[in-house]
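Dear colleague,

I am handing over a structure that you have not worked with before, and below it you will find what came out of looking through it. Please read the notes with the structure open beside them.

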Amino acid sequence: LKILFGLGFVILVVFAARKIIPPLIRNIVRTRNQELFLITIIVICFATAFITKQLGLKLALGAFLAGLVISESEYSYEALKNIMPFKKIFTAIFFVSVGMLLNIQFLLANFLLLSAITVLVMLVKFAIIVPIGIYLKTGIRNAVVSGLVLCQVGEFAFILSKVGLEGQILSTF
């Protein structure tokens with residue numbers, strides 16, 4: 001039942017993205033009020049995410065659908081231009097909040113182990129990426145550069161670790 005409900009909501013959002021939102025945004029653009037345009041984009045995004053969450057679906061799905069709604073508009077580049085400063089602010093808030101979760105005592109007590117695991121993960125990723133680059137005939141230099149650029153542990157690891165905790169694949173010690 002939840003899947004059918006979710007599927008129905010996705011279909012409704014796609015319909016709105018193609019038939020309802022573009023004329024609405026067009027009318028708002030005609031007012032030449034930059035603030036109203038920005039508020040409309042933000043409300044569309046938050047409302048889509050909020051409704052998705054209220055329906056018991058993942059918030060990430062709501063964010064994806066909100067992006068779909070905005071991207072279907074002919075003013076998607078204007079919306080992106082207006083939202084970019086918020087992206088930088090929210091990225092900063094994300095990294096500060098993750099940094100606040102750092103347990104300094106645990107880090108200091110397990111510094112060598114954590115360093116070894118970090119280096120091991122980076123080496124494994126590098127060892128996977130470089131042969132793929134060579135196989136794709138990007139050249140050895142580009143394959144090595146790609147391996148170096150992509151071997152770090154990025155913010156996506158936090159999302160994966162949350163999923164791992166929820167699925168009881170990882171533990172909190």
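The lining of the second largest pocket is made up of 17 nonpolar, seven polar and two charged residues. Please bear in mind that this is a predicted model, and that the values here are computed from it. The space in this second largest pocket comes to about 1200 Å³, and among the 26 residues that line it, L114, V153, A157, F158 and S161 are the closest to its centre. At least two residues of that lining come from each of α5 (104-109), α6 (111-135) and α8.

The largest pocket holds about 1400 Å³ of space. Its lining counts 30 residues, and those nearest the centre of the pocket are A49, L59, A60, A63 and F90. Four helices, namely α2 (34-54), α3 (59-71), α4 (76-100) and α8 (156-166), each contribute at least two residues to the lining of the largest pocket, with α4 giving the largest share, 10 residues. Sorted by class, the lining of the largest pocket has 20 nonpolar residues, together with four polar and six charged ones.

A polar atom of the T52 side chain lies 2.6 Å from the backbone oxygen of T48. When neighbours within four places in sequence are set aside, T52 is in contact with F9, L57, K58, L61, G62 and L65.

Most residues other than glycine have a negative phi. K137, although it is not a glycine, has a positive phi of about 60°, and this residue lies in the loop between α6 and α7 (140-150). K137 counts as exposed, because its relative accessibility is 73% and the class begins over 50%. Q168 is not a glycine either, yet its phi is positive, at about 60°. The position of Q168 is in the segment after α8, and with a relative accessibility of 72% Q168 likewise counts as exposed.

With best wishes

Methods. Residues are numbered from 1 along each chain as its sequence is written. This is a predicted model: local features need pLDDT of at least 70, side-chain atom pairs count only at pLDDT 80 or more; totals for chains, interfaces and linings use all residues. Side-chain values use heavy atoms; hydrogens and water are left out. On a 1 Å grid over the protein atoms alone, a cavity is a set of points where a 1.4 Å probe fits but cannot get out, and a pocket is an open set with protein on both sides within 12 Å along at least five of seven lines; lining residues have an atom within 4 Å of a point. Grid points are joined across faces, edges and corners, and a volume is the space filled by probe spheres set on the points. Ala, Val, Leu, Ile, Met, Phe, Trp, Tyr, Cys and Pro count as nonpolar, Asp, Glu, Lys and Arg as charged, and the others, Gly among them, as polar. A polar contact is a pair of N or O atoms within 3.5 Å; within protein, one must be able to donate a hydrogen and the other to accept it, and residues adjacent in sequence count only if both atoms are side-chain atoms. Contact means heavy atoms within 4.5 Å. Buried means under 20% relative accessible area, exposed over 50%, partly exposed in between (1.4 Å probe, protein chains only).
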